[in-house]
Amino acid sequence: MIPTGLDFGTVTIMMPTEKGTIPVEHTTFRRELYKDDRHPEVTFTKSIEEDLMRRDFTINAMAMDSRGNIIDPYGGLEDIKKGIIRAVGDPQERFREDPLRIMRMARFASRYDFNIDEDTFRAAKEMVKEMPKRVAVERVMQELLKGIKQSKKPSRYFEILKDVGALDIYMPELKGMIGVEQDRTHYGDVWEHTMGVVDNARRMTDDEVVLMAALLHDVGKPRTREFKKDGQPIFPGHPEVGAEMARKILKRLRFSNKFIDDVATLVKHHDLTMHNNKKVILRKLADLTSGGKRPEMLDRLEILVKADALAHREEYARVFIKDAEEKLRKIRQWMKEYPLDRRQLAINGKDLLKAGVDQYKIGKIMDKLLEEVWEDRLKNDKEELMRRALQLAKSMGALKGSGKTEITGEEKQRGHNGYSA
């Protein structure tokens, strides 16, 4: 027996089975008195009914005895049959005990496709204002991840959060999408399109990074909207603006730095397949995959791109998907054929240093070589690259015996220490 939570009357018993020993938690019936939302006072009881009374919703307030009899004092079985999420007892009291239950309500409704009892929903709307005062942001963050990952249709989850008022508190930027109309290829405003993208992505993956990127991929559109002469809206630069907004939203919600970086990177490059210029695509691909070191980011982006393409009017979606798949095949081929980082070039900074190139100009020259390889002006061949590097160095006055040029602070910083970065 392991005392895993004696303060709460919980011990873990190691039970032998045919497949080996498994841990089984045993908890004493208990009651909880909430003096505040994070530190309930626990007392023990002999009544299973009192223990079940402290649960959040009726569907979670059931038990089974050793003979297989269902103990259901609050009508949980009936609510399951009817598909209803209903608070145990007084809904205001349940949400007052722990306002995070409002988000759990949304998660259960979207996960099981249940309706929410009217009194329970009304109480949630009234109590949601208490969440920022009484619920740690980290708990909200964890609940958001559960909601987006466990829901069959995350759109239902976020619609409930919107209607109950939680979205206004934690992700108000998303409300800005509502009513922002798009071009004729879309079937709704930015909010409706986004909900479609999240649902599509969820059908393809349960990767939390991709799902969050799907939610935030167009968050920059309301701030970048312009209109063409024919009245059609366009959103120049919205991926870059959206990436910065995503960073601020996720940082506010206390997500990890890695999670924030990955989501923001996907948001920034979700338009990758819309570009036709090879150099632009390769530059974005290099940024997306950290110079080719993280190829899984392209796999993630492919899911996001396809989910986005499908969230258009059907006649356009078919074309967009076909174009995206063809472009992605080409991009994957380029990823094999081209260096995505100057460290993948056939020469390095040490080669240039030995050839007499000024150490503070090496970084700039290596960047130029990489671009010219992307433009097919050079092959990634050692002799060809060295010949071109010396030409560039000479033109800059950065070759021994060719005269000196002024070194900028940026070049000094990027120079000898940065030539292989």
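In which helix is K284 found? The legends below, which refer to a predicted model, begin with this residue.

Close-up 1. K284 is found in helix α16, which spans residues 278-288. With a relative accessibility of 10%, K284 counts as buried, because buried residues are those under 20%. When neighbours within four places in sequence are left aside, the residues in contact with K284 are E240, K268, H269, D271, L272 and H275. L340 stands 56 residues from K284 along the chain, and the C-alpha atoms of these two residues are separated by 9.6 Å.

**Close-up 2. Crossing of helices α4 and α8.** Two packed helices are described by the distance between their axes and by the angle between those axes. Helix α4 comprises residues 101-112 and helix α8 comprises residues 154-164; their axes come within 8 Å and cross at roughly 145°. The crossing of α4 and α8 is right-handed. On the α4 side, the contact is made by I102, M103, M105, A106, R107, A109 and S110, and α8 contributes R156, Y157, I160, L161 and V164.

**Close-up 3. A nonpolar patch on the surface.** The patch is formed by I13, M15, I22 and V24, which together have about 290 Å² of accessible area. Strands β2 (10-17) and β3 (20-27) each supply at least two residues of this nonpolar patch.

**Close-up 4. I22 within the nonpolar patch.** I22, one of the patch residues, lies in strand β3.

Technical notes
Residues numbered from 1 in each chain as written. Predicted model: local features only at pLDDT ≥ 70, side-chain atom pairs only at ≥ 80, totals over all residues. Heavy atoms only, no water. Patch = residues over 30% accessible without salt bridge, like charges linked within 9 Å, V, L, I, M, F, W, Y side chains within 5 Å. Areas by Shrake-Rupley, 256 points an atom, 1.4 Å probe, with all protein chains shown as cover. Salt bridge = Lys/Arg side-chain N within 4 Å of Asp/Glu carboxyl O. Helix = DSSP H or I, 4+ residues; strand = E, 2+ residues; numbered from the N terminus. Axes fitted to C-alpha atoms, helices over the stretch in contact; angles between N-to-C directions. Left-handed = near helix turned anticlockwise from the far one by under 90°. Contact = heavy atoms within 4.5 Å. Buried < 20%, exposed > 50% of the residue type's maximum accessible area, 1.4 Å probe, protein only.
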